[in-house]
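User: Please examine the sequence and structure shown here and discuss the strand and helix arrangement in a few questions and answers.

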Amino acid sequence: MAHIDAGKTTTTERILYYTGRLHKMGDVDEGTTAMDWMAQEQERGITITSASTTCFWHDYKINIIDTPGHVDFTVEVERSLRVLDGAIVVLCAVGGVEPQSETVWRQADRYHVPRIAYVNKMDRIGCDFSGTLEQMKERLGAKVIPLQIPLGAEDTFRGVIDLIAMKAIVFNREDGGLTYKEELIPDELKEQAHEYRMHMIEVAAEHDSILMEKFVHSEEPTQEEIKRAVRISTLKYKCVPVLCGSSFKKVGVQLLIDAVCDYLPSPLDVPPIQGIDPKTEEKIERKTLDSEFLSALAFKIMADPYVGKLTFLRVYSGVLKTGVHVFNANKKRKERIGKLVRMHANKQEIVEEVNAGDIVAAVGLKFTKTGDTISDADFPVLLETMTFPDPVVYMAIEPETKAAQEKMSFALDKVQDEDPSFKVTHDKDTGQTLIAGMGELHLEIIVDRLLREFKVEARVGKPQVAYKETIAKTVKVEGKFEQQAGGKGQYAHVVLEMSKAKRGQGIVFENEIKEGVIPKEFIPGVEEGVVGSSRSGVLGGYPVADVKIKLIDGSFHDTDSSEVAFTIAGSMAFNDGLRKAEPTLLEPIMSLEVIVPEEYLGDVISDLGTRRCKIESLNDRANVKIIRGFVPLSTMFGYATVIRSLTQGRGVYTIEPSYYAAVPKQIQKKIIGTIY
């Protein structure tokens, strides 16, 4: 995982070549890599979907997922981290720790994934190994433990100095880096290598008593003792081993694969997976053993033109076999495994069974979605599911012809199955189909897929901002629904207190009714009415968020009251409360980083000022300026063209969703044309 263009796919490609999985190395720029198999990936030279593969190195079997770097596809990193045991964070030796590097680092922290860092592109002009280490300490708060330092730099980069063996390792350019030889460390680098080695031993010794004792008594530890201490520290999340190389120039990749085997956890090193028993709701755990009952998590769905739906599974315990019946604990239904395939990007290799700790794709699971748990029907377990961010951009899409309508609905359902960060809704007022995603590029790729892959003839509107609505003050409101039309009538009466909730909480419903005021079987009806109405607010029909609703009073009728009546009363009270509680628009605010040469700084800052950008910091790096801040998404459409023209094509920027904030009143008037 890494920032855009750090070299993830090139590194994966080299690993697959050296492990014998590929017989010819692909190139991202030429669109010939195995892992970037989609037409859109090959044309744009970017990774869009995480690709899974398996390779073998010595006695080890390694499951690898190559993830995208672009923030619009961050959900691919999220779901990969949920099911993987370790990660390689690829950093660019020139760019250092870039914004998306920070994002993936935080995601790995959240899922407690041990990682090693690989400083790539040591052959590039402006590369800075020690500067990248400093940035890792400052920006990521990482306790770094370099295991190598570069031998040369830029066009003289030819290998690495291994600080554990204290040898220079030089790669042979003539055979594509396939072979390398050990040499003595050059005299001019001996002192630097010794300093780095002492630092490495000191940090590793903190978590290993044997190494600590040798360090204190100034004894020389063995290579095995250092490796064991580094492994212990890595598995405990206490430090991050750092390696370096140039994947493009084929220097250092084999040593990176060795480091994966030496320092990252095997499935046996991670704690047993925790889950709950869906029948008793008690906590249970499953160890990574074939003899345990089956537990597996579906982390990705992929549409395949030949076999239909492929469901990617991480098997945490037990053995999964072709043809068996399994239990979907989320949907509470049985499913049958039609076929099991081991994936190599988009190519498949049929297998009869897979063991605990493995990753596989299953054919034949009709009801399983991303985040669902597959388990043994007699001993079910429910693992923690995945949460995905809300989309921030949407656009209208409509079929060119009536006949294309069905085709479009089918294609959108398929894409929605594959991508949990992509949402399809229907605007009741206009009858339009709206598609929402994580950014302009995300939607652009999806539309491209609809046209090419699914052959849908459709017209699309301009990207729009996914606003939300909330309230500014606390109100108490009543909702009464009475209907008498001969025979049994309808009656429901509720009193709600509505107040602001914390940002990001969505809709919070609390029942504070004293027993007997409203029978408890009608309470879910009130909640359903409130949640249903929150999908469309009173200002512009945007979803309502960050509102706490307390049900504090009400009344009922012995014969005329029903759950449906309370649903309607709850909905009436909620809509009335929205109008009275000063409804406010919320807009997505993006975290922004702009990198520009110094001579264009003034122009870029004054332009950002017109976009309501709040600049947080201004820093120097080499001969460029780095502007960091927060900016409303609505002002950033088409910014790529603007920054190119302001900086003669030399400025770059990255933005990612950060939080929602209230829209200033005068701008709110422009957006919705009216104000309550």
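Predicted model: local features only at pLDDT ≥ 70, side-chain atom pairs only at ≥ 80, totals over all residues.

User: Which strands are the edge strands of the open sheet of 8 strands?

Analyst: The order of this open sheet is E17-E16-E22-E13-E14-E21-E18-E19, with antiparallel pairing. From one strand to the next, the twist averages 40 degrees. An edge strand pairs on one side only, and this applies to E17 (333-336) and E19 (347-351).

User: How many bridges join strand E14 to strand E21?

Analyst: Strand E14 covers residues 308-317 and strand E21 covers residues 359-363. Across this pairing, Arg314 stands opposite Ile359 in E21. The two strands run antiparallel, and the number of bridges joining them is 5.

User: At what angle to E13 does helix H10 run?

Analyst: Helix H3 (residues 74-83) lies across strand E13 (295-304) and E14. Helix H10 (residues 403-418) also lies across E13 and E14, and its angle to E13 is about 145 degrees.

User: Why is H14 described as roughly antiparallel to H15?

Analyst: The axes of H14 (residues 601-610) and H15 (residues 639-646) come within 10 Å and cross at roughly 150 degrees. Angles over 145 degrees count as roughly antiparallel, so H14 is roughly antiparallel to H15.

User: How many residues of the contact of H14 with H15 are charged?

Analyst: From H14, Asp603, Val604, Asp607 and Leu608 meet Tyr639, Val642, Ile643 and Leu646 in H15. The crossing of these helices is right-handed. The contact has 6 nonpolar residues and no polar ones, and the number of charged residues is 2.

Conventions: Residues numbered from 1 in each chain as written. Heavy atoms only, no water. Pairing = 2+ DSSP bridges. Helix = DSSP H or I, 4+ residues; strand = E, 2+ residues; numbered from the N terminus. Axes fitted to C-alpha atoms, helices over the stretch in contact; angles between N-to-C directions. Contact = heavy atoms within 4.5 Å. Parallel < 35°, antiparallel > 145°, perpendicular 65-115°, else oblique. Left-handed = near helix turned anticlockwise from the far one by under 90°. Nonpolar A, V, L, I, M, F, W, Y, C, P; charged D, E, K, R; others polar.
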